[in-house]
Amino acid sequence: MNNRGGAPICLKDLDFRFSQKVKRWAGTDFHTCLQCRSCSGGCPFSEYMDYMPNGVMRLVQLGLKSEALTCNTIWICVGCHTCTIQCPMAIDIPGVMDVLREQAIAEHADILEPDILNFHREVLGSIERYGRTHKLEIMLRYKLKTRDLISDWTVGMKMLAKRKLDLTPSRIERIDDVKKIFQE
Amino acid sequence: MPETNSADFSYFPGCSLATTAKESNQSLIECCRKMGINLVELADWNCCGSSSAHSINHQVAFDLACRNLSLAPPGRPLVAACPSCTLRLKHAQQRLRNDEAARSRYRQMWGRPFDPDLSVRHFFGILAGVDMDGLLSTLGRVQINMTYVPYYGCMLNRPFALRALSDHQEVMEKTLAGVGLRPKRWSYGSQCCGTFLTVARPDIVTPKVKAIMQGAAESGADCIVTACAMCHMNLEVRCTLKNPIPIFHFSEILSLAFGTSHHKNWFARHLIDPRPLLKSKGLAAS
């Protein structure tokens, strides 16, 4: 499965400056990718991705920017680095995914997994407010945002019963330090 | 045994150990105390940024890690027990070592120069230097007559730039070998638990966790021992098996081996109750 739907690649779509930028930001040379597919074979989540990890390496090599920024692969990847240790060319594939995700947000590209992005934003929001993550609030805010209060209700109740979810956040004292990070 | 004369370490608990996995935090402090390792909590530490910061904002991820590094007093190693926190701290440290612009930002943000000599370590890295056999002979060992599968999750995987750093291969097996615990072979020891996808895509994580839990049961092991509190939570929360085997934090098992009596509040916090197993093995009776 891929989201080009088998359409031919047009030379005018290739943005090599994008390719160079991603390489510089990620600090890894994906041009050495041999398309051996070890990464995709090892990836525990590749079955849920539209482009395999090696496919994303090819997209950035060719500078197919919009495909790279709008694939769901960049959101499904959790950065477990199973691919990295299997890559014979030692490419930091999750590092490339990090750059693509950030670019997708910066360039207002279509986000194929909006719920995953919502979750990341809630985590960062919590850190900005308290300096640490307050999991109960993250979950509640996330559930409200995605308008899904039903699923995981039992799990939440079990965790509350086992006192795994604190009702109040743990706050750092010098919260201004953290506010400064987010204002920069 | 350099670590047995009450060595001081700065300790970064991280959000998981400080909240959802308090039992992991308490048992870690306890087993370290037994080993003569004094964990001094890093004053006013902040979240390392977790997966979310580096996923969508590398600058915030870097700054959050840097603030923690800047809080560490000199001359004392900084130790973390969460693989993910450790990786974030080491990642920032690596960038600071190689990039003058990063060092200058650090100085400007935190008002002090970056300390290139600060040693950032995972708890496992310290364990590797501990003479377990000598220690157990001195402290008296509690034999734990159980079989287990070691679950490292993704902590053994590293980006290339950080691969030269300490390798934690088989640390759990080596450490637990002297107390009667026998590891079973299985295929899921380094399988990713799915981490944060558990929130937005439980449909992906649930079958992954099921395979891991089933693999553990099929190995014939009595229990799973985890290296990471996040993995521990995912396995417990997303497990759909009817009678899953219990999952221990590594530090809980190590503390039991050292004969701890401070385990009162640990096992009751597990979603998969390990107390029947412990009772059947004559352990942690109280």
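This is a predicted model: local features need pLDDT of at least 70, side-chain atom pairs count only at pLDDT 80 or more; totals for chains, interfaces and linings use all residues.
Student: What makes helix 2 of chain B largely enclosed by the rest of the structure?

Tutor: A residue is buried if 20 or more other C-beta atoms lie within 10 Å of its own. Ten of the 13 residues in helix 2 of chain B are buried, so the helix is largely enclosed. Among them are L28(B), I29(B), C31(B) and C32(B), along with E23(B) and E30(B).

Student: Which elements do those buried residues pack against?

Tutor: In chain B, they pack against helix 1, strand 2, helix 7, helix 12, strand 8 and helix 13.

Student: How do you know that the span of helix 2 of chain B agrees with what it should be?

Tutor: The expected span is 1.5 Å times one less than the number of residues. With 13 residues, 22–34, helix 2 of chain B should span 18 Å, and its end C-alpha atoms are 18 Å apart, so the two agree. After the helix comes G36(B), with a positive phi near 80 degrees.

Student: What makes you say chains A and B are in contact?

Tutor: Contact needs C-beta atoms within 7 Å. On that basis, 46 residues of chain A are in contact with 41 residues of chain B. Helix 8 of chain A gives the largest share of chain A's side, seven residues. By class, that side has 20 nonpolar, nine polar and 17 charged residues.

Student: How far apart do the C-alpha centres of domain 1 and domain 2 of chain A lie?

Tutor: They lie 29 Å apart; the domain assignment gives 11–106 for domain 1 and 114–183 for domain 2.

Notes:
Residues are numbered from 1 along each chain as its sequence is written. Chains are lettered from A and ligands numbered from 1 in the order in which they are written. Two residues are in contact if their C-beta atoms, placed from the backbone, lie within 7 Å. Helices (H or I, at least four residues) and strands (E, at least two) are DSSP runs, numbered from the N terminus. Ala, Val, Leu, Ile, Met, Phe, Trp, Tyr, Cys and Pro count as nonpolar, Asp, Glu, Lys and Arg as charged, and the others, Gly among them, as polar. A residue is buried if 20 or more other C-beta atoms lie within 10 Å of its own, exposed if 12 or fewer, and partly exposed in between; C-beta atoms are placed from the backbone. Domain bounds come from an automatic or database domain assignment.
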